[in-house]
Structures are given as structure tokens and as C-alpha cells.
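Please read the points below alongside the sequence and the structure.

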Amino acid sequence: MKFVIQRVTHASCTVDGNVTGEIKQGFLVFIGISDTDSEEIADKMIKKLIHLRIFTDSEGKTNLSLEDVGGELLLISQFTLYADCKKGNRPSFVKAGSPDHANQLYEYIIASCEKQIPVVRRGIFGADMKISLTNDGPFTVILDSAEIC
């Protein structure tokens, strides 16, 4: 499982001209899921996400978590995080999870985050989404379950 986390002052997702999710200060999280991922792995990734201290405190140090600042979440499924570009110029996505498995875990992640964070918004799994964001910093962190679980 991979999370690409962007600290934002604003982010939104639009599908067919309709906003499906919009947040103010918080994290825009692109979520990639493989067939080997599980709810147990998702739980570890969510814990790390929620407690990640990348917001600045009164001294300008990155010392505050999403919870500390009352931050919001926008969660976007993105199978392309599992692109394999080793051979040729056209990425292969065979390492990405099957749509049924990935959607089930995506929904699980959303539900788990909603239990901990008051404002959780989302994209639409498998849709052609247009993402708009104002990256704060810019500040982007990549979490890979292969490295933290």
C-alpha cells in the first residue's frame, strides 16, 4: 500500500463537473493498493497517517499532527502509484490491486479515517477525477507499507 500525502491549505476533487470532496487545511492523500494489501496493513498506514507530525508549531518546527491542527482529509484512490516503468516507455500496472479488492480496501480506509478525523472527504473510485490543490510548503511525504509495516 502506498500513500502520497500532500500537506495542503485547500484541495478538491471534481468528477463530471461535480465536486465530490473538498477540504481546507489538512492532507490530500493519494492511495495506491496492491493485491497483497490487507486491512491489517491499512490500519498501520492509517495510524502513521493520522499521527504524522508535519504541521508547523509556534516555533516553525514540523511538530504537529493532523489531529493537533484540526486538519481535514481528502482521500483519492490512485492505482497509478503502482506503475512499473522499468521496461519500455509505457507503464505497466500489473502490480496494482484488482478493482474489487482495491475498492474494498479504499472504502475500509475511508471508514476508518472517519472514526478518527471529523472531516474526511473522498474521490470516486475508478472515476476520471480532476484534483485541485494548494500544496502547503510544498510538503509531500510518501508512505509505503513495504517500508513501515
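Predicted model: local features only at pLDDT ≥ 70, side-chain atom pairs only at ≥ 80, totals over all residues.

**Nonpolar cores**
- The largest nonpolar core holds 29 residues, and those touching the most other members are Met1, Phe3, Phe27, Val29, Leu73, Leu75 and Ile109.
- Two or more residues of this core come from each of β1 (2–15), β3 (26–32), α1 (39–51), β6 (72–77), α3 (99–114) and β8 (129–144).
- Another core, of 12 residues, lies apart from it, and its members include Cys13, Ile23, Phe30 and Met129.
- When residues up to four places away in sequence are not counted, the contacts of Phe27 include Ile5, Val8, Leu49, Leu52, Phe55, Leu66 and Leu73, and also Gln6, Arg7 and Glu72.

**Helix α3**
- With 16 residues, α3 reaches 22 Å from its first C-alpha to its last, which is close to the 22 Å expected at 1.5 Å a residue.
- The buried residues of α3 are His101, Ala102, Leu105, Tyr106, Ile109, Ile110, Ser112 and Cys113, and because they cover an arc of only 165° around the axis, they lie on the same side of α3.
- The face turned away from this buried side carries the exposed residues Asp100 and Gln104, whereas the cover over the buried residues of α3 includes β1, β3, α1, β6 and β7 (120–122).

Technical notes. Residues numbered from 1 in each chain as written. Heavy atoms only, no water. Core = buried A, V, L, I, M, F, W, Y, C linked by side-chain atoms within 4.5 Å. Buried < 20%, exposed > 50% of the residue type's maximum accessible area, 1.4 Å probe, protein only. Helix = DSSP H or I, 4+ residues; strand = E, 2+ residues; numbered from the N terminus. Contact = heavy atoms within 4.5 Å. Expected span 1.5 Å × (residues − 1). Arc of directions from axis to C-beta.
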